[in-house]
Structure formats: C-alpha cells, structure tokens
Amino acid sequence: MNYSAELFQPHLNTPFLIQFQTGQQTRLLLDEIKNQTSENSPFYHFSLFFTGATDLPLAQGTYTLNHADLPAQTIFIVPVAKTDIGYRYQACFNITK
C-alpha cells in the first residue's frame with residue numbers, strides 16, 4: 001500500500017478499529033493529519049493523529065488498524081498525550097519522494 005496524507009484525508013474524523021487476539025477491540029478516531037513535507041526534502045513527511053478511549057490505553061507499538069473503507073493497515077503508533085476526552089496517538093511517515 002502506498003501511504004500518503006491524501007489516502008487518509010477522506011477518512012478524517014472517522015473511526016479505525018484495532019482488534020486484539022483476546023477478542024477485545026478499541027476504536028481510534030483519526031482527528032488530524034499534518035503534512036510536513038518541505039520542498040527541499042527528499043522525503044514526503046506526514047503524521048496522523050488519533051484519539052482513543054481512556055479505558056484501554058495503547059502502548060507504543062505496531063497495530064493493525066481496520067477501517068470500513070480502507071484495507072487493513074499495519075501502523076506504528078506512539079501515545080503522545082492524555083486529554084480530557086482520551087489518549088492521543090501519533091503515526092509518523094517518512095517516505096522517499
């Protein structure tokens with residue numbers, strides 16, 4: 001799969017599900033996309049930000065995210081904050097142009 005900010009843009013503010021082997025699942029809401037690519041960089045940089053519930057915090061790691069309109073995607077996410085509405089996670093991408 002070719003990852004890009006444009007791939008995720010139509011799915012902003014929609015849920016992605018993570019299904020665990022235990023049968024438990026959690027929902028992450030894609031709530032921000034930051035395109036950080038500069039003209040001089042040989043890389044295409046962007047980040048996805050998700051918000052998840054406070055009852056099942058995720059550790060930094062690789063997770064398979066499922067979305068109703070996209071194929072399953074294995075993405076490395078990092079918890080970056082705890083807010084009043086849940087935990088915030090970031091996935092960073094650096095892809096050769």
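How many helices and strands make up the secondary structure of the protein chain? The secondary structure comes to 1 helix and 6 strands, where helices (H or I, at least four residues) and strands (E, at least two) are DSSP runs numbered from the N terminus. From that end, the elements run α-β-β-β-β-β-β. The radius of gyration, taken over C-alpha atoms, is 14 Å, close to the 13 Å that the globule rule (2.2 Å times the number of residues to the power 0.38) gives for 97 residues, so the chain is as compact as a globular protein of that length.

A word on what you are looking at: this is a predicted model, in which local features need pLDDT of at least 70, side-chain atom pairs count only at pLDDT 80 or more, and totals for chains, interfaces and linings use all residues. Residues are numbered from 1 along each chain as its sequence is written, and side-chain values use heavy atoms, leaving out hydrogens and water.

Now find strand β6 (residues 87-96). Strand β3 (residues 43-52) pairs with β6 in the antiparallel sense over 10 bridges; two strands pair if DSSP finds at least two bridges between them. Here Ser47 stands opposite Cys92. Strand β5 (residues 70-82) also pairs with β6 in the antiparallel sense, over 4 bridges, and Val78 has Gln90 as its bridge partner. β5 and β6 form a hairpin with 4 residues between them, and Gly86 in the turn has a positive phi of about 155°.

Finally, visit Leu28 in strand β2 (residues 25-35). Leu28 is buried (under 20% relative accessible area, with a 1.4 Å probe and protein chains only), at a value of 0%. Beyond its neighbours within four places in sequence, Leu28 is in contact (heavy atoms within 4.5 Å) with residues including Phe16, Phe50 and Tyr89.

Key:
Buried < 20%, exposed > 50% of the residue type's maximum accessible area, 1.4 Å probe, protein only.
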